[in-house]
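Visitor: I'm new to this structure, and I'd like a close look at just one part of it. Could you pick a strand, walk me through its surroundings, and then show me what else is worth a glance?

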Amino acid sequence: MDGYLPETYGDAFVDVYDEWYGNVGDPFHAVPRLVELAGGGPVLELGVGTGRLAIPLVRHQPVWGVDASEAMLSRLAARPGGDAVVAVLGDMRDPAAVLPADRPAFAVVVVGFNTFFMLTSEGAQRDCLASVAGLLAPGGVFVVEAFVPGENLPKTTNRVVEPRTVALDHVVFNAVVHDPVEQVISHQLVEIRESGIKLRPSVLRYAWPAQLDEMAADAGLRLRERWAGWQGQPFDDDSTEHVSVYERA
Ligand SMILES: C[S@@+](CC[C@H](N)C(=O)[O-])C[C@H]1O[C@@H](n2cnc3c(N)ncnc32)[C@H](O)[C@@H]1O
């Protein structure tokens with residue numbers, strides 16, 4: 001999508017993010033799992049957003065968060081407990097480059113809710129993995145929560161329009177173009193009201209778990225554990241999402 005920048009998603013979704021996505025994932029199990037992995041050491045969240053994970057996490061150990069959207073970070077800071085998260089504005093493609101020199105070495109770096117796929121090219125994902133490898137404390141881990149590409153990909157056609165919300169005073173359509181070769185899905189959520197139209201674009205470059213493992217290996221990280229969810233459910237061929245824990249090789 002021409003002109004799509006690291007901050008585009010956050011800037012476009014900040015007004016609805018908590019309402020639409022505030023209850024996604026499984027923070028009830030994600031937070032204790034991450035606290036356990038961190039063992040009291042500092043945590044860094046990539047694409048921290050409005051703090052869905054970071055705010056409950058920061059009650060247990062220091063939490064830093066990188067996000068490219070100033071609007072998202074303002075919302076984080078305004079939420080109760082949000083100001084305890086050390087927020088850094090910048091592109092998670094190279095978090096080491098945007099964090100200050102006095103940053104700690106992190107016990108856990110985490111990227112939740114498919115946010116790793118918001119790095120919109122394989123190159124950006126590889127850069128991120130290499131940068132994260134250099135941020136980990138000895139014994140530290142990189143935790144990725146993402147969907148497994150499968151039934152959730154557009155199937156019969158690579159161009160889809162589907163209604164997300166149909167209400168009396170507005171309608172929201174999701175227009176999707178899927179490039180299966182580049183593994184990129186471009187979305188435009190189009191909200192139509194009598195007062196006007198609001199566009200909310202997003203771009204995802206998805207990857208299969210095996211591809212993630214290969215990219216991670218090239219960055220000096222090896223898979224330590226993979227679950228089908230934050231409760232540690234076994235991962236198998238039918239799993240639709242995964243929580244993958246990488247450590248330095
Ligand atoms: C789907 S939201 C997830 C927010 C939060 N982690 C959560 O789980 O609710 C993705 C977040 O990543 C941020 N983001 C997207 N691309 C980014 C990039 N290249 N660098 C830094 N942040 C990015 C967005 O601004 C947004 O806040």
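Guide: Let's start with strand β11, residues 241–248, which is mostly covered: six of its eight residues are buried. Buried here means under 20% relative accessible area, while exposed means over 50% and partly exposed is in between (1.4 Å probe, protein chains only). Strands, by the way, are DSSP runs of E with at least two residues, helices are runs of H or I with at least four residues, and both are numbered from the N terminus. Before going on, a word about what you're looking at: this is a predicted model, where local features need pLDDT of at least 70, side-chain atom pairs count only at pLDDT 80 or more, and totals for chains, interfaces and linings use all residues. Residues are numbered from 1 along each chain as its sequence is written, and side-chain values use heavy atoms, with hydrogens and water left out.

Now for the neighbours of β11. Strand β5 (residues 136–147) runs antiparallel to β11, and seven bridges join the two. Two strands pair if DSSP finds at least two bridges between them.

Step back and you'll see β11 as part of an open sheet of seven strands, in the order β3-β2-β1-β4-β5-β11-β10, with mixed pairing. Its edge strands are β3 (86–89) and β10, each pairing on one side only. From one strand to the next, the twist averages 20°. In a regular strand the side chains alternate between the two faces of the sheet.

There's another open sheet to find, with four strands in the order β6-β7-β8-β9 and antiparallel pairing. At its edges are β6 (159–166) and β9 (196–205), each pairing on one side only. Strand β7 (residues 170–179) is joined to β6 by seven bridges, and P163 stands opposite F173 in β7.

In the loop between β7 and β8 (184–193) sits Q183. Q183 counts as buried because its relative accessible area is 8%. Its side chain makes a polar contact of 3.0 Å with the side chain of Q211, and a polar atom of that Q183 side chain lies 2.9 Å from the backbone oxygen of Y206. A polar contact is a pair of N or O atoms within 3.5 Å; within protein, one must be able to donate a hydrogen and the other to accept it, and residues adjacent in sequence count only if both atoms are side-chain atoms.

Finally, have a look at the ligand. Of the 20 residues around the ligand, Y17, E45, G47, R52 and D67 come nearest; being near takes a heavy atom within 4 Å. The side chain of E45 has an N or O atom 2.8 Å from a ligand nitrogen, and a backbone N or O atom of G47 is 2.7 Å from a nitrogen atom of the ligand. An oxygen atom of the ligand, in turn, is 2.7 Å from an N or O atom in the side chain of D67. Taken alone the ligand exposes 600 Å², and the protein buries 98% of that.

Conventions
Areas by Shrake-Rupley, 256 points an atom, 1.4 Å probe, with all protein chains shown as cover. Axes fitted to C-alpha atoms, helices over the stretch in contact; angles between N-to-C directions.
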